[in-house]
Structure formats: C-alpha cells, structure tokens
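Here is a short report for a reader meeting this structure for the first time. Please look at the sequence and the 3D view, then read on.

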Amino acid sequence: MASQTHILCFVNNKGGSGKSTTCANIGYSLSSLGYKVLLIDGDMQLNLSLAYFEEEFVLETAKSEKNLYAAIKYQKDLSDYILSTRYPNIDMILSSTLMSSIEYELFTKWQREYILKNGLKKIVERNEYDYILIDSPPTLGGWVMNILCASHYMITPVEASPWGLFGLANLFDFLSDIKYVTPDLQMLGVCITKADTRKNYLKQTITALEELKHTYVFETYIKVDSSIEWSQENGRPVMDYKKSSRSAIEYLSLTKEVVSRVNQQQKH
Ligand SMILES: Nc1ncnc2c1ncn2[C@@H]1O[C@H](COP(=O)(O)OP(=O)(O)OP(=O)(O)O)[C@@H](O)[C@H]1O
Ligand SMILES: [Mg+2]
C-alpha cells in the first residue's frame, strides 16, 4: 500500500513534444520498480489510452460512459472510472474524443478549476496508488488548469529541436500567472525527448534549457528510437515491447531520476 500518492502531470502546450510517450513509459517503469500506478488520459487524442489498450477497446470506451469526459462532465468520483490494464500494477482512466468540448462543459461549473482534483479526492484518500500520472493535451486552457490544480508535480517534455524550445517561456509565464490557484504545484523538471545525437540541436537544446532560471533539466534524455513507434503500434509500453531497446533503458533511468527528485522534494 502506498504511504502517499504523488500526482504528476505531463504538460507542454507544444504539440508532439513527447508528453504521452513519456507519461506512458514512466508509468510502466514505475510499475517495474514496484510502485502502483494510475494513469489518466486527459487528452482527446487518446494517445495514452492507445499506448496500453487495443484501438477497438479504446474507441468503444470513448463512446461509453466509462471515460474521463463523462466523469468530469457529471463531476463524479473518479474511482468508478478506473479500468485495469494487462499489467497488475497499472490501472487507467481512459479518455474520449468528446474531451474536445470539455472547455465548454467546464465553463458553467462552480469552482471549475478544481473538478479533476475533487474527482481524485477519494482515490488519494485511500492511498491506493504510489503515483498518479496525468497526460495532457497541447493547450493551456481551463482543462489543463484542472490538471495543474490536481497535481503535485509537473514534468515538461521538450523535443530537442529548434521549434521544441519555442514557446517554452510562455509556458513558464503561464505557470507563474496561475500560481495563486496552484500553490501546491511544483515544477519537477524538463526532460529532453526525441534527441537525435547526429544533429547539433541536442547540444543547443541543453544549453538553452540550462540558461532558463529555476528550471531543472533531467540528466537522462530520450533519444530518437524506432522501438517507441513500434511499441505504440503494438499498444504496449516500450519496456514491455522490447526491454533491451535504448529508449526502454533511458525511460527506466529517467524514472529513477523522477523518483529521486520526488523523494527529495518530499523532504523539503
Ligand atoms: N524517443 C522517440 N523516438 C522516436 N519517436 C518518438 C519518440 N518519442 C516520441 N516519439 C513520437 O513522436 C510523436 C509525438 O510524441 P507524443 O505523442 O508522445 O507527443 P505529445 O506531446 O504527447 O503530442 P501531443 O501534443 O499531440 O499530445 C509520436 O508519433 C511518437 O511516436
Ligand atoms: Mg499527447
């Protein structure tokens, strides 16, 4: 049983930066380290759901009432929306394509920033999970506010490319602007993804990120690896698809850094 549930979200308004891939694979690596994990797919693109389940099942769930959209719309306790994955230590709340209209649903609700946080309350109180990981869409609206308000820590995956860094300053400005509604949220760190060691961008990315004040950059970076795409094609995390692959090893190493930083922050 978990002593305390840590809630981590993966946020970057830049699309394709590796949020869903990183969330899916850190989730699996955490379970391989013995932690109990709940994954929450907060994006209408259903990528986190597809990383663990067959497409047919994901689409069926998206149309049913057993997904995050329904839970948020009707402000339910999220406990009733948890589904088991094929891995005993990993559960998931799947998403729906209807999440595209979640901003509209939130608009009329009282204390609309806290609907996800309230929905998670009972799960957190039961101390059932060591980690809850939330994947988010590439936006910064009211729904992502909900994700940030529900989380203790935020991880920002950044693609090692010139455009990957573009807009990062806006993200950090947004975070400081909303600090009054998210006083408990801590930025855990930036992780570099899709790094191509043959190109010079990696070095430039690392230098540019190091110049950002108050931003911790994880030492492990995830390189471009075709095993990632194959694992996604097969609806499995890369560590299960090919344990010996470079990205599986890198994600495990990144996960150990994440655990160590969370434990460090706990002491402060
Ligand atoms: N290390 C990697 N090597 C190769 N391809 C990768 C790697 N990481 C991610 N990808 C691919 O890059 C694309 C974007 O990754 P991902 O979907 O995780 O980003 P995202 O930030 O969640 O995107 P969005 O903002 O659209 O939600 C995907 O097609 C994924 O397969
Ligand atoms: Mg995604």
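The report moves from the whole protein to the ligand, then to selected helices and loops.

**Overall picture**

The model is a predicted one. The protein is built from 13 helices and 7 strands. Its radius of gyration is 17 Å, close to the 18 Å that the globule rule gives for 268 residues, so the protein is as compact as a globular protein of that length. The C-alpha trace spans about 50 × 40 × 35 Å along its principal axes. Of the 268 residues, 44% are buried.

**Around the ligand**

Which residues come nearest to ligand 1? They are Gly15, Lys19, Ser20, Thr21 and Pro138, out of 20 residues around the ligand. Two helices, H1 (19–32) and H11 (226–233), each supply at least two residues of this shell. By class, the shell holds 4 nonpolar, 11 polar and 5 charged residues.

**Helix H1 and its partner**

Helix H1 also packs against helix H13, which covers residues 246–267. Their axes lie 9 Å apart, at an angle of about 75°. Angles of 65 to 115 degrees count as roughly perpendicular, and H1 and H13 are therefore roughly perpendicular to each other. On the H1 side, the contact uses Asn25, Ile26, Ser29 and Leu30. On the H13 side, Tyr251, Leu252, Leu254, Thr255 and Val258 meet them. This contact of H1 with H13 has 6 nonpolar residues, 3 polar residues and no charged ones. An α-helix has 3.6 residues a turn, so residues three or four places apart point the same way.

Ala24 is another residue of helix H1. Is Ala24 buried or exposed? The cut-off for buried is 20 or more other C-beta atoms within 10 Å. Ala24 has 30 of them, so Ala24 is buried. Beyond its neighbours within four places in sequence, Ala24 is in contact with Leu48, Ala51, Tyr52 and Pro237. Ala24 and Ile134 are 110 residues apart in sequence, yet 9.5 Å apart in space, C-alpha to C-alpha.

**A covered helix**

Helix H7 (residues 142–150) is mostly covered, with 7 of its 9 residues buried. The buried residues are Trp143, Val144, Asn146, Ile147, Leu148, Cys149 and Ala150. What do they pack against? The partners are strand E1 (6–10), helix H5 (102–107), helix H6, strand E5 and strand E6 (153–159).

Asn127 has a positive phi although it is not a glycine. Lys194, also a residue other than glycine, has a positive phi too. The table sets out their angles, places and surroundings.

| Residue | Phi | Loop between | Other C-beta atoms within 10 Å |
|---|---|---|---|
| Asn127 | about 50° | helix H6 (115–125) and strand E5 (131–135) | 13 C-beta atoms |

With 13 other C-beta atoms within 10 Å, Asn127 is partly exposed.

How values were computed
Residues numbered from 1 in each chain as written. Chains lettered and ligands numbered in written order. Predicted model: local features only at pLDDT ≥ 70, side-chain atom pairs only at ≥ 80, totals over all residues. Near = placed C-beta within 6 Å. Helix = DSSP H or I, 4+ residues; strand = E, 2+ residues; numbered from the N terminus. Nonpolar A, V, L, I, M, F, W, Y, C, P; charged D, E, K, R; others polar. Axes fitted to C-alpha atoms, helices over the stretch in contact; angles between N-to-C directions. Parallel < 35°, antiparallel > 145°, perpendicular 65-115°, else oblique. Contact = placed C-beta atoms within 7 Å. Buried ≥ 20, exposed ≤ 12 C-beta atoms within 10 Å, placed from the backbone. Rg over C-alpha atoms; globule rule 2.2 N^0.38 Å.
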